[in-house]
Amino acid sequence: MSAYPPVKIGILGLGTVGGGVTRVLARNAEEISRRAGREIAITHAAARNLDTTTANTAGIKLTEEGLEVVNDPDVSIVVELMGGCEPARTFVLRALANGKHVVTANKALIALHGNEIFAAARAAGVMVGFEAAVAGGIPIIKAIREGLAGNRLEWVAGIINGTANFILTQMRSKGRDFPEALAEAQKLGYAEANPSFDIEGMDAAHKLTILASITFGIPLQFDKVYIEGIGRVTHDDVAYATKLGYRIKHLGIARRDENGVQLRVHPTLIPQRQLLANVNGVMNAVLVKGDAVGQSLFYGAGAGAEPTASAVVADIIDVVRTLTADPENRVPHLAFQPDALSDLPVLPIDEVETACYLRLLAQDRPGVLADVTRILADCGISIEAFVQKEAPPTASEVPVVMLINPVKEKRMNQAIAAIEKLASIRAPVMRIRLEYLDSD
Ligand code: HSE
């Protein structure tokens, strides 16, 4: 075996993912040390409530105080699995200042404070691994940062929140309602401690921020992401989309266009024939378009204890392998050299052009649809498909579903506002953006 002593790891947080990491490191210890070239030992761990942890803590010094772990002189790598921005940010910055490498699964921390954290890591000559922060077990950071490094990347589109995908899948395939599907996702350990992060799109926006930076070589800019969750999507929307040949998925999209970069997270209709449309349940998938590779799809478990641990442990092994490498010759955190990041602007959502699905409830009398189509025509908006659904015999309103050809968001918003002012239409109009995800 290796001539070097074991590398000592300190863990912050022994919840779902922390438990998974202890199990995977123990179960696969022999193969992991053959890969890393050194044995890896967890020697110190901090958790808020040590009585309730299910982690295998045999042989680990335990504390409720995270600072004891980050200040432990024996620990070389701090693995941060607490989630949330504070105190995680304070602990990570302290660990870096103490010259320790950091591995984290914390997407909010990287999306909001990654620029500061990477600068601190660079100053200290240490690494920060964050593979587990995006799409759980799928090695998408490594794939984009290293495997696709020869490409000019054009766009990424991903199902990057397992809970939202689970809920949408249950609504479509089992006719389950929203609260029931969410409760199941929570029971299975997929949902965030605060599930509104999953439902309202915040969690996906954190992950998209990170993906966009490594895709385009831009600083992390969470505050510029357009965010919409799945809370307004109804059973009817799911059913109409299916009838029209589409599926509704909650997508994170980062796309380069001629004026800058689009960063957006929202429910999206995608054609059923796309592989991405068939990613179901808690599974995640990220579709990447590069000029050389074309489209490449990465699929796998996006949440859960051991899939996330798979990514955390891979980062630990990466750090161990490079412990002796010159810091200037390591893979840069954001894929591009830190002094070569681009100032490509992130476009306001008003400037983004997309196709969309509209669902309206219209009074069932002559001339109503003519008013709607006149507004669209006056705004220069063209209709791709139009379906008026039958209303139940006693209803005075009928659902109308339209697919709209690509148009700038600003113009679509003007048209929706004018349609919602019609006395014959019940506001609000439901709009779901639509992406064909073809090659351009
Ligand atoms: N709550 C997240 C999800 C967990 O559902 O995808 C993984 O980040």
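**Cavities in a predicted model**

User: Which element gives the largest share of the lining of the second largest cavity?
Analyst: In this predicted model, the second largest cavity is lined by Thr354, Ala355, Cys356, Val407, Glu409, Met412, Arg431 and Arg433. Two or more of these residues come from each of β13 (353–363), α14 (409–421) and β16 (425–434). The largest share, three residues, comes from β13.

User: How many nonpolar residues does the lining of the second largest cavity have?
Analyst: Besides one polar residue, among them three charged residues are counted in this lining. Glu409, Arg431 and Arg433 are in the lining, and Asp, Glu, Lys and Arg count as charged. The nonpolar residues of this lining number four.

User: What volume does the second largest cavity have?
Analyst: The count takes in cavities of 30 Å³ or more, and by this rule it comes to two. For the second largest cavity, the volume is about 30 Å³.

User: Which elements give two or more residues to the lining of the largest cavity?
Analyst: The largest cavity, with a volume of about 50 Å³, is lined by Leu168, Thr169, Arg172, Val238, Arg247, Ile248 and Lys249. The elements that contribute two or more of these residues are α7 (162–173) and β9 (246–257).

User: How many charged residues are in the lining of the largest cavity?
Analyst: Arg172, Arg247 and Lys249 belong to this lining, and Arg and Lys count as charged. Alongside three nonpolar residues and one polar residue, the charged residues number three.

Methods:
Residues numbered from 1 in each chain as written. Predicted model: local features only at pLDDT ≥ 70, side-chain atom pairs only at ≥ 80, totals over all residues. Heavy atoms only, no water. 1 Å grid on protein atoms, 1.4 Å probe; cavity = no way out; pocket = protein on both sides within 12 Å on 5 of 7 lines; lining within 4 Å. Points joined across faces, edges and corners; volume = space filled by probe spheres on them. Helix = DSSP H or I, 4+ residues; strand = E, 2+ residues; numbered from the N terminus.
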